[in-house]
Each structure stands twice: as structure tokens, then as C-alpha cells.
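Let's take a walk through this one together, starting with the overall fold and ending at the aromatic rings.

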Amino acid sequence: MKVNIREWDVPTKGAHPHDPAVGPDGALWFTEQMTTSWAARSPDGSFKEFPLKLEDSGPSRIGGDRDGNIWFTGNFKGYIGKLDPRTGG
């Protein structure tokens, strides 16, 4: 079997990318656990970061729904959050 492994540096050093998942938009979504934000790598290769409202929330476990929203858990603060990538909110 022949495999091709590709790697990318995330935009923020020390972010600790966690739990990548492909969203309904085709982007690769992931949490940046140690920077209290999450990010997406678009199919065109560009990155976009989304800061969270709660400091030190420890975002983890991410997934998309059929409406295009991205959901995550805030492990350090004990909550569930949602992002609408179309509006950034």
C-alpha cells in the first residue's frame, strides 16, 4: 500500500490543534485548544481562525451539522458551543 501524508503548519504557534473534522463546507475544521479559538483550512489551502468568547475554555471535539454549523465542546469551562461559519457568530 502506498500512502501520501500531507502536513500543514497552523497559523498560531502553540495552538495545539485538536480533533480535526471535515465540515459540510469541505473545509477541515479543528479546535486550537491552547489559544481559545478554532480554525478551518479551506479547500483552497487558506486558514481562518475564530476566537471564542470565553477565555481558557479548552475547545475540543468538533463536528458539523446539516445546516452548516460547527459545534464544539469547551472542556475547561464545561460548555457546548456553536459557530455559523457564514456569519462568524
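What follows goes from the whole chain down to single side chains.

Keep in mind that this is a predicted model, where local features need pLDDT of at least 70, side-chain atom pairs count only at pLDDT 80 or more, and totals for chains, interfaces and linings use all residues. Residues are numbered from 1 along each chain as its sequence is written, and side-chain values use heavy atoms, with hydrogens and water left out.

The protein chain has seven strands and zero helices (DSSP runs: E of at least two residues for strands, H or I of at least four for helices, numbered from the N terminus). Its radius of gyration is 13 Å, close to the 12 Å from the globule rule for 89 residues, so the chain is as compact as a globular protein of that length. That radius is taken over C-alpha atoms, and the rule is 2.2 Å times the number of residues to the power 0.38. Along the principal axes, the C-alpha atoms fill a box of roughly 40 × 30 × 25 Å.

Now for the rings. Trp29, Trp38, Phe50, Phe72 and Tyr79 form one aromatic cluster. Rings of Phe, Tyr and Trp (its six-membered ring) pair if their centres lie within 6.5 Å, with planes under 30 degrees apart called stacked, over 60 edge-to-face and the rest tilted. That rule gives five aromatic pairs. Phe72 and Tyr79 are edge-to-face because their ring centres sit 5.7 Å apart with the planes at 85°.

Across the protein chain, buried residues make up 35% of the 89.

How values were computed:
Buried < 20%, exposed > 50% of the residue type's maximum accessible area, 1.4 Å probe, protein only.
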